[in-house]
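Take a look at the model below. This report walks through its parts, one topic at a time.

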Amino acid sequence: MSALFPSGKLPTMDWLQCIGQSDEAIRGFKLNMLLYELLSLLYSRFVSGVRRPELVRSGRNITMQIIGYMTSHRKQHLEATDVAREFGYGREHFCRLFRKATGKTFKEFLTDLRLDDACRKLSGSSASIASIARECGFPDTRALQTAVQRKYGIRAQEYRERYENRN
């Protein structure tokens, strides 16, 4: 319809009469317009409105279950493939759906979970940065250092000094 009527508005009866259409042709055109409008309303109400987001199954929000799973397993080695398999998805499909639902990639979200935990420990304990990295699920100290640097623009030791005992 937009190709025929770029303004998005349907022609009026006056316009149709001006271009020399007969009354019968005008009535036929008006009937078609009303039928298309009715079909559009029915489709939007009963077909497209019924579809559920892919990360909702049986009325349960799978995204929240996935986030809960990731939160409780964040200290372990966790791969998108494993989580996808746990929830019955292929890796690529899972990653697309996860990013659509959370606005972050799987790895970004997991790193943020681990980093939040690590920052609480950095500011609230005197444990070494290496042991905090291990406790929070980072593969090594460098991964923690990189995450802190990317999010806060400072090294982990500087973060500790700046925010010590503030949790």
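Which helices do the buried residues of helix 9 pack against? They pack against helix 6, helix 7 and helix 8. Contact here means heavy atoms within 4.5 Å.

## About the model

This is a predicted model, in which local features need pLDDT of at least 70, side-chain atom pairs count only at pLDDT 80 or more, and totals for chains, interfaces and linings use all residues. Residues are numbered from 1 along each chain as its sequence is written, and side-chain values use heavy atoms, with hydrogens and water left out.

## Overall layout

The protein has 9 helices and 2 strands. Helices (H or I, at least four residues) and strands (E, at least two) are DSSP runs, numbered from the N terminus. From that end, the order is α-α-β-β-α-α-α-α-α-α-α.

The protein has 167 residues, and 29% of them count as buried. Buried means under 20% relative accessible area, exposed means over 50%, and partly exposed lies in between (1.4 Å probe, protein chains only). Among contacts with a separation of 6 or more, 49% join residues 24 or more positions apart.

## Helix 9

Helix 9 covers residues 156-163, and Ala156, Tyr159 and Arg160 are buried there. Seen down the helix axis, the buried residues fall within an arc of 100°, so they line one face of helix 9. The arc is that of the directions from the helix axis to the C-beta atoms.

Ser131 sits in helix 7, residues 129-135. Is Ser131 buried or exposed? Ser131 counts as buried because its relative accessibility is 16%. A polar atom of its side chain lies 2.9 Å from the backbone oxygen of Ser128.

Ala101 belongs to helix 5. Its relative accessible area is 43%, so Ala101 is partly exposed. Ala101 and Met64 are 37 residues apart in sequence, and their C-alpha atoms are 9.9 Å apart in space.

## The largest pocket

The largest pocket holds about 670 Å³ of space. Helix 4 (80-86), helix 5 (91-102), helix 6 (106-124) and helix 8 (141-152) each give two or more residues to its lining. Helix 6 gives the most, with 8 residues.

In total, 25 residues line the largest pocket. Lys107, Glu108, Thr111, Arg114 and Phe138 lie nearest its centre. A pocket is an open set of points on a 1 Å grid over the protein atoms alone, where a 1.4 Å probe fits, with protein on both sides within 12 Å along at least five of seven lines; lining residues have an atom within 4 Å of a point. Its volume is the space filled by probe spheres set on the points, which are joined across faces, edges and corners.

Conventions. A polar contact is a pair of N or O atoms within 3.5 Å; within protein, one must be able to donate a hydrogen and the other to accept it, and residues adjacent in sequence count only if both atoms are side-chain atoms.
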